[in-house]
Amino acid sequence: MSEDYVKGRWKEQETEILKQLIREQVGVAPSMDMKVVAKMVEERGIQISWSVISKRMSKRSRLSCFKKWQKLTGVQLDDFGNPFSAAAAADVAVPVPVPGTV
């Protein structure tokens with residue numbers, strides 16, 4: 001990580017800039033709620049370029065930007081790097097062995 005990156009708590013202004021950059025990249029209205037944006041990203045499989053976002057933020061790493069987005073939206077990644085939410089994960093059927101068949 002570059003020594004030029006800011007670490008620690010995000011200032012409110014930084015958070016607003018991050019939200020705006022994400023909205024621009026996804027191509028939605030500047031006022032769209034971030035949870036709605038996250039749902040759109042999930043449903044449409046939109047890839048957000050965290051490198052581009054980080055460069056435009058200038059003082060935050062791509063990982064820092066991504067993690068902040070996760071906190072804002074609750075979106076996480078599965079084992080393949082695809083976004084999924086906790087709600088979607090709860091809908092996944094898990095096979096349960098039937099007693100006497102195992």
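How many salt bridges does the structure hold? The count is four, in what is a predicted model. Let us visit three of these pairs and then follow one of the helices.

Staying in helix H1, you can find Glu16 and Lys19, which are three residues apart, about one turn of the helix. They form a salt bridge too, and their closest N and O atoms are 3.3 Å apart. Glu16 counts as partly exposed because its relative accessibility is 39%, whereas Lys19, at 18%, is buried.

Helix H2 (residues 34–44) holds Lys39 and Glu43, four residues apart, again about one turn of the helix. Their side chains meet in a salt bridge at 3.4 Å, N to O. Lys39 has a relative accessible area of 48% and is therefore partly exposed; Glu43 reaches 59% and so counts as exposed.

Finally, look at helix H4, which covers residues 62–73. With twelve residues at 1.5 Å a residue, H4 should span 16 Å, and because its end C-alpha atoms are 16 Å apart, the two values agree. Several residues of H4 are buried, including Phe66, Trp69 and Thr73. After H4 comes Gly74, which has a positive phi near 80°.

Definitions and conventions:
Residues numbered from 1 in each chain as written. Predicted model: local features only at pLDDT ≥ 70, side-chain atom pairs only at ≥ 80, totals over all residues. Heavy atoms only, no water. Helix = DSSP H or I, 4+ residues; strand = E, 2+ residues; numbered from the N terminus. Expected span 1.5 Å × (residues − 1). Buried < 20%, exposed > 50% of the residue type's maximum accessible area, 1.4 Å probe, protein only.
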